[in-house]
Amino acid sequence: MSETILPPIGMLAELTHRCPLQCVYCSNPVELLKANREMPTEAWVSLFEQAADLGVLQIHLSGGEPTLRPDLEVMIEALSRRGVYTNLITAGVGIAEGRIEAMADAGLDHVQISFQGAFAPTTEKIGNNRGSHEKKMETARRVRAAGLPLTINAPVHRHNMDEVPDFIELALELDAERLEIANVQYAGWALLNRNALMPDREAVEREVEVVRRAQEELYGILTVDFVTPDYFAIYPKPCMGGWARDAFMVAPDGTVLPCHAAGTIPNLVFDRFGDRSLSEIWHGSPAFNAFRGTEWMAEPCRGCERKEIDWGGCRCQAMAIAGNAAATDPACIKSPLHARMAALIEEAMASDKDTFHYRRISGPVPTHQLEPAS
Amino acid sequence: MRPQRERAVVSANSMPALKPHVRLQYDPVRGAWALLSPEKVFWPDEVSLDILRLCDGKHTVTQILEELAGQYEAPVEEIAADVEAFMQEWSDRFLVTL
Ligand code: SF4
Ligand code: SF4
C-alpha cells in the first residue's frame, strides 16, 4: 500500500438485523443474523469510543430496525459525549411512546425515516406490513415535535417510481429538510428481487425529470438528493466514496466491513471488532487494503481521468455482474461488460414482476405480493 | 396539505444563527474545525470560520459586516456581497437560519 490512509469520517452501525418490515429491496445480506449474534451494549460502546478516537465524526445508527435495541439511548449518550454526530436510520414502525424524546434528550442529532411508498397500499406491499404507513407518518410528526431535523428516505424501483412527485409532497407535508430519492441498489435482498424491482427506461426518464425540476423549484426549501439508477447510468457511483477511504460499516455481530455487500466477495476475510481493535482493522485489514486507492486498478480504470472521482465504482457490483471484484464496475460505459447492464434490464422486463422474496431471517421464500388492504 | 414553506432570503436585518443540530466543532484528530450537519461534514476555511462564529443569533448581518470589516481592515462595501452570498448558501443548505 503506497497510499496514505486517512482517518474515517463516517460509520454505519447495523445494530441488529431484526426488523418489523420485510422490504424486498433491503440491502442487508440474504443470510441475516439472529438476535443472539448481536454485540452487547458494552461492545458497541467500546467500538464507538475507538471510532471517535480514530476520527469518526458521524455515526449512522441503522439495522434492521435500530430501535429494537433497548440500549439505543445509552449508545447515543456515549456518542454525544464524544461529540460524534448521530443519525438514526429507522423504519419508523413500532417506536414506543416517549422514546424519540428520550433519544433527543440523550443527544440524538438527526432522524431518517424510510417510506416504502408515498401511499399506504404501496408502503404495505413493499414492506409486507399492514398499517406501517400511518405509523411512519406518526413517527415523522413525533420527530419534528421533538425538534429533530428529519430526512425522508424513499427507496425507488418499479413498484413506486411513479410516486416520486407524491414523495416530494409527503416530505413537505411532514416538514422534512431533506428527501432522498434513492434508486434501489441491487445488493442483498434487492439483488435477489432484481427482476421484480427493475424499472423500465421510460419510468426512469420521467423520474429523472421530476427530480430535476423539484431540485430547482424547491431550492432552499427542501433538499432533494438523488441516488441514480446504476443500470441506466453511463458512469458508476463512487461507492462508499471509495473503498475504505472515509467510511465503513459494522454488522450486528461486530464484523467490520468496507460496505454493505462486501461479504459477497469471496476470498476476502473480514475481522470482528473484539478480535482486533478498530484501528488495526482500518489500517491493517487485508480486506480493507484490497481495493483502497487506485493501485489495484486495471484498465480501463487505471488510465482513466475519473479514477479519483468514482474510484472505479462498486466492487460488489463488479463481483455480481463481471464475476470479478477487481474489474471496472460494469455500470461504467468504458467497461467491456457494460452491455450486460442493458441485457439484465431486458431480462427483468421479460420476467414475472409480481413475485417477491420478502426479507426474512429464516431465508428467502418466494411469495406473491400481499393483497392490498381493503 | 403542503404547509407554506418559503426560501429564506438574507437581508441586512437577518440574524443568522447556526441551526439547532448543526455544530461547529474542533476535530483534534485532523487539527481542523468541522461543521457537522445531518449527512454531511464540512471543513470551513478561515474566512468561513470567522463568519460562522458570528452567526450566533445575536448579530444582524449589518453588525456582522461591520465586525468583519474591522477584522479584515476592508471597507464593508467590499466584503458585503461575498459574506451575504455565503449566508444565503448556508441557509439554502439548512446550516443557518436567517
Ligand atoms: S429496508 Fe426494510 S426490511 Fe430492511 S432494514 Fe430497512 S425497513 Fe427493515
Ligand atoms: S473507467 Fe473506471 S475510473 Fe473511469 S469512469 Fe469507468 S469506472 Fe470510473
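**A strand and its surroundings**

Modeller: Gly10(A), Leu12(A) and Glu14(A) point one way from strand 1 of chain A, while Met11(A) and Ala13(A) point the other way, and all of them are buried (under 20% relative accessible area, with a 1.4 Å probe and protein chains only). In a regular strand, side chains alternate between the two faces of the sheet. Strand 1, residues 10-14 of chain A, has 5 of its 5 residues buried, so this strand is largely enclosed by the rest of the structure. Strands here are DSSP runs of E with at least two residues, and helices are runs of H or I with at least four, numbered from the N terminus.

The model is a predicted one, in which local features need pLDDT of at least 70 and side-chain atom pairs count only at pLDDT 80 or more, whereas totals for chains, interfaces and linings use all residues. Residues are numbered from 1 along each chain as its sequence is written, chains are lettered from A and ligands numbered from 1 in the order written, and side-chain values use heavy atoms, without hydrogens or water.

Strand 1 of chain A has partners that can be named. With strand 8 of chain A, residues 247-250, strand 1 runs parallel and is joined by 4 bridges (two strands pair if DSSP finds at least two bridges between them), and within that pairing Met11(A) has Phe248(A) as its bridge partner. With strand 2 of chain A, residues 58-62, strand 1 also runs parallel, here over 5 bridges, and Ala13(A) is partnered by Leu61(A). Between strand 1 and strand 2 of chain A the chain passes through helix 1, residues 41-54, and this β-α-β crossover is right-handed (clockwise from the first strand over the helix to the second, with the strands pointing away from the viewer).

Two or more lining residues come from each of strand 5 (150-156) and strand 7 (223-227) of chain A and helix 3 (76-92) of chain B, and strand 7 of chain A gives the most, with 3 residues.

Chain B, for its part, has 3 helices and 5 strands, arranged along the sequence as β-β-β-β-α-α-α-β. Of its 98 residues, 41% are buried, and its C-alpha trace spans about 50 × 40 × 20 Å along the principal axes. Chain B contains an open sheet of 3 strands in the order 2-3-4, paired antiparallel. Strand 2 (23-27) and strand 4 (41-42) of chain B stand at the edges with a single partner strand each, so one side of each has no neighbour in the sheet. Strand 3 of chain B, residues 32-36, pairs with strand 4 of chain B over 2 bridges in the antiparallel sense, and there Leu36(B) has Val41(B) as its bridge partner.

Technical notes:
Buried means under 20% relative accessible area, exposed over 50%, partly exposed in between (1.4 Å probe, protein chains only).
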